[in-house]
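Got a two-chain model open and want to talk through how its parts pack together? Let's take it a question at a time.

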Amino acid sequence: MPRMRYLEARNQAIADLMARDERVILLGGDFNSPFSERNDLRQRFPGRVFDEAISEMGYAGAAIGAALGGMRPIVDFSTASFMFNAWEQVVNEAPNLCYMSAGRICVPVVFHILAGARGAGGAQHSHSPQSMLWNTPGLKIFVPSTPADVVGLLQTAVADPNPCVFVDHIRLFNETGEVPEQQGPIPFGQACIRRPGEDVTLVACGAMVPQAMEAAERLAAEGIETEVIDPRTLVPFDLATILASVERTGRLVVADETHLSAGVAAEIITRVVEQGVRLRSAPRRVATLDVPIPYTPVEEAYVVPSAERMVQALRAVVQQEVAS
Amino acid sequence: MGFWEETDVREQWRRMLAIRRFEEAMIQHGDAFPGHRHVYIGQEATAVGAVAALDDADPMVTTHRNHGHNLARGAAAGPMMAEIFGKVTGFARGKSGTFHIALPERNVVVASAVVAGSLCIALGLALAAKCQGSRRVAVAFFGDGAVNEGTFHETANLAALWDVPLLMICENNSGSGQPRDSGLAGPSIAGLAGAYGIPYQVVDGSDVAAVYAAVRRAVSVLRGQAGPWFIEAQTTGWPGNRGGWPHLVDGVTDLTPVLTGATLTGWAVHDPVLKFAAAALQHGWSAADLQAVDRAVQEDIAQAVAQAQAAPYPPAEEALAHVWA
């Protein structure tokens, strides 16, 4: 099975989708962000890549309209913070059209964002909007963390008749992994246990997964076995896999790059706790602190989640026992 | 040759009245449903004239002021009225109400209640038409307020840049004797299109034949896949339009004065329904013919109201349905 870089797998998946289905068009950044490698999509698929102007709202709405007109558009906003320029279309049009028509129309559009702190991006280039988007019914959200996943989940997204948000991350680009020659679609709503363990459950998605695996390795040296679970999709969300894990371990840490307040970690913990599963200690979240993201590296490292902060949280939930 | 020679005039008259009598009935039964409502009274000739010049395959988008566009495309009054009343027999089972009436089977694809919200969606419909090599023209109906939104400018720029068959019809109903758009810094709305190199035309939106001619001319160009195009359809705003709570200031429309050749006064001079009737008489239609159509329309709408009143609401738990396709 070939081993590929995430970025290579992602770009090949996009090219394959465009080659197989002439309805697939790209609007916006065509995956040529300053942090990507140049691709030849524009040359290979003339008349199907539209990225001349910086018009996020226009591209988002045009993608919705093109989807209604029978195409399968992918909108690349590039830096996730720029999606806010298109907010009306992303949260007030795309997810509402099926509902407001009682199912008469559907919007098969994929919105792509490079979320999170990329390193020295500052406050206006470092957002992780997926928690805001999870708070908007009608959007599916997928967060790949491996090369195989990005290939499989992207296929599912393009085939889905509903609007889907592809939460991508620059810090995954150089991650490597095996990708089956014929990697097919990976269904939404199926979490993946990246690492089994008996002592504590650690939930992480996207670029947090490599950090979570590192944290788990460090704790293993201390005799603590961490089960790392990657939800892969926020909407639909696989609660059952996480719940079964916490029922075994009795301890939960959730790490996510969205902010503490109203973030993904808060939501996942609530979903687990409200099921009444017996917990041996209070759950902990490792999230970006509630501040805009600072530019200077030492401060940025302080506010965003890291393997070190996950290790501290994991140790804490293992060491504390709830008084019964 | 033009509107009076090329179209089924009886059907066009029916559509004018279908819109007018529907809106009047909705206002009269305004206590039957909650929320704001936006009527198309005073603008009927724009929708009717435009639709007459389009093919059925041309997709349209509209706004919160959508009843006219749907009815002009032949939508049945029953499911629309039921939808406004919030009943389960509504076209969207009560999920939409008046704000979002868009009938895909009539090729009215989206009605966005966010000012300018449907503009870039129409751009996308035009883009799809071009990608597919089809001869469809995408048509966006929107109001004068929309040109102050950034979305309008992004749509215009991209439509011109991509050279897609998008026909933008701006319905300026802000009236005469006052600045047509007090939110506009520049000299004209239609001129905004010119800034993007888009051909534009101002037309009397209350003159169905003028609207028809303007749209015919536009689609003849756009159907060769050259585009976009901008039409500003000006009408004198109906005095009963008071924001979200329209009011029948002069009662329901009385055709008698125009059919008997009386002199019209006040807003009636600008009323597109009365102007249509006057022009129809000049083209050989009889008052009796015109009134017969009106009676049939009023019966149809009375039935739509009765059915809407009698229909049940959906079960509350149905709120959970239709999130996903």
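Predicted model: local features only at pLDDT ≥ 70, side-chain atom pairs only at ≥ 80, totals over all residues.

Q: Which elements of chain A each supply at least two residues of the side of domain 1 that touches domain 2?
A: Domain 1 runs over 3–178 and domain 2 over 192–323, with bounds from an automatic or database domain assignment. Helices (H or I, at least four residues) and strands (E, at least two) are DSSP runs, numbered from the N terminus. On the domain 1 side, the elements are helix H5 (130–134), strand S6 (140–142) and helix H6 (147–159).

Q: What area is buried between domain 1 of chain A and domain 2 of chain A?
A: Buried area is the accessible area (1.4 Å probe) that two parts lose on being put together, summed over both. Here carbon and sulfur atoms give 63% of it. The total is about 2100 Å².

Q: Which residue forms a salt bridge with A:Arg232?
A: A salt bridge is a side-chain nitrogen of Lys or Arg within 4 Å of a carboxyl oxygen of Asp or Glu, and the count between the two domains of chain A is 3. For A:Arg232, the closest N and O atoms are 3.1 Å apart, and the partner is A:Asp149.

Q: Which residue of chain B forms a salt bridge with A:Arg104?
A: Between chain A and chain B the count is 1 salt bridge. A:Arg104 is also among the three residues of chain A that lose the most area to chain B, with A:Tyr99 and A:Met100. Its closest N and O atoms in the bridge are 2.7 Å apart, and the partner is B:Glu105.

Q: Which element gives the most to the side of chain A that touches chain B?
A: The elements giving two or more residues to that side are strand S2 (24–28), helix H3 (56–68) and helix H4 (87–100). The top contributor, with 10 residues, is H3(A).

Q: Is B:Gln12 buried or exposed?
A: B:Gln12 is found in helix H2 (residues 9–28) of chain B. Buried means under 20% relative accessible area, exposed over 50%, partly exposed in between (1.4 Å probe, protein chains only). Because B:Gln12 has 6% relative accessibility, it counts as buried.

Q: With which side chain does the side chain of A:Arg248 make a polar contact?
A: A:Arg248 is found in helix H8 (residues 239–249) of chain A. Leaving aside neighbours within four places in sequence, A:Arg248 is in contact (heavy atoms within 4.5 Å) with residues including A:Ile193 and A:Glu198. The polar contact, at 2.5 Å, is with A:Glu227.

Note on methods:
Residues numbered from 1 in each chain as written. Chains lettered and ligands numbered in written order. Heavy atoms only, no water. Polar contact = N/O pair within 3.5 Å; in protein donor to acceptor, adjacent residues only side chain to side chain.
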